[in-house]
Amino acid sequence: MMNLLNGNEVSQTLKHEIKLNVEALKASGKKIPHLAAILVGSDGASMTYVAAKAKDCEEVGFNSTVLRFEASISEAELLEEVVKINNNPEIDGLIVQLPLPKHINEKKVTETISFKKDVDGFHPMNVGMMFKGLKTFLPATPYGVIQLLDHYKIETSGKHCVIIGRSDIVGKPMSALMLQKNCTVTVCHSKTPDVSLFTREADIIIAAVGIPEYLKGDMIKEGAVVIDVGITRIEDASLTKGYKLKGDVHFDSVAPKSSWITPVPGGVGPMTRIALLLNTLQAIS
Ligand code: NAP
């Protein structure tokens, strides 16, 4: 009964399609998408994420540039760098890896990126366009989830979708996109007294809480579609990398009751990476 929503597989298929697109652009002498990433400081996780994004670009044939700055860069200097990229016609998309050092206002930086190059979809202009259902850059994780649902032709119209989490990068935009897909949407958060009251009624559950194995089997109804956005690093000395990834879903108890479920890793994670590439491809059109 249970089927896997295989993000690894779908992301490979989409990656191949993007690559073919780039080859066609090259063949007709058109511009190749160019993504710039700003990395401030030397946080390990941030460096890994930026390197992965640059590698993804390379694999599909995009150009990419990583601009690295010391953690001591002033806010004014960083904003100047953003404006320089905004004005550089060679660059189509710009992302600033978060978090930024405490002395820099992230909101100011996000809002300084030209909304036409904001491939993370964080600029208020793009957020507004998304909520209105206009074509724009969608935030990577919710966009990736939509791609996954579409790929497996999961019926959304008339379904009750319960989203756990209301962050600006996942829960909130996810609710807008599921509404556009004709779901009846409920958004739960830390002030919801009894989340299971809602999840037990849900046809589709999207967990973006950040608490490992939060959603248990007794919180869902038989046949639910379950999307696990959560990724928490749990220390594990027995592994060479020193940690393993845990989702927000207690897979062993939830999977047997679900009709479709994403694994962690290999579910939403790789789809998020593909979404950035889709946005960057869109940035040249
Ligand atoms: P976040 O900003 O910390 O938001 C968590 C949300 O969960 C908040 O809205 C919070 O409610 C809610 N929450 C916390 N405890 C709760 C509880 N006990 N019951 C119900 N709701 C609760 O996190 P995020 O950035 O959205 O990320 C969520 C998870 O997804 C994290 O594990 C993150 O690492 C992961 N993530 C994965 C990807 C990917 O590529 N796979 C991308 C982004 C994020 P309040 O608003 O009331 O505080």
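Okay, so a contact here means heavy atoms within 4.5 Å. Keep that one in mind for the packing later on.

What we've got is a predicted model, where local features need pLDDT of at least 70 and side-chain atom pairs count only at pLDDT 80 or more, while totals for chains, interfaces and linings use all residues. Residues are numbered from 1 along each chain as its sequence is written, and side-chain values use heavy atoms, with hydrogens and water left out.

Overall picture. The protein chain has ten helices and eleven strands; those are DSSP runs numbered from the N terminus, H or I of at least four residues for helices and E of at least two for strands. With a radius of gyration of 19 Å, close to the 19 Å from the globule rule for 285 residues, the protein chain is as compact as a globular protein of that length. For the record, that radius is taken over C-alpha atoms, and the rule is 2.2 Å times the number of residues to the power 0.38. The C-alpha trace spans about 55 × 45 × 40 Å along its principal axes. Take the contacts between residues at least 6 apart in sequence: 70% of them join residues at least 24 apart.

On burial, 49% of the 285 residues count as buried, and the cut-offs are under 20% relative accessible area for buried, over 50% for exposed, partly exposed in between, with a 1.4 Å probe and protein chains only.

Now, helix H7, residues 171-180. How many of its ten residues are buried? Seven, so to speak, and that makes H7 mostly covered. Among them are Pro173, Met174, Leu177 and Met178. And what do the buried residues of H7 pack against? Helix H5 (124-131) and helix H6 (140-151), plus strand E5 (160-164), strand E6 (184-188) and E7. Just after H7, Asn182 has a positive phi, about 65 degrees.

On to charges. Side chains of opposite charge can pair when their charged atoms come close. Our rule for a salt bridge is a side-chain nitrogen of Lys or Arg within 4 Å of a carboxyl oxygen of Asp or Glu, and by that rule the count is 14.

Lys15 is the one I'd like to show you. Lys15 has a relative accessible area of 13%, whereas Glu59 is partly exposed at 35%.

Then there's Glu213 with Lys246, again a salt bridge, closest N and O atoms 3.4 Å apart. Glu213 is in the loop between strand E7 (204-207) and strand E8 (225-228), and Lys246 is in strand E10 (residues 243-246), which puts them 33 residues apart. Glu213 is partly exposed at 26% relative accessibility, and Lys246 is partly exposed at 24%. Back with Lys15, shared partners join Lys15, Lys55, Asp56, Glu59 and Arg273 into one salt-bridge network.

That's my tour; questions welcome.
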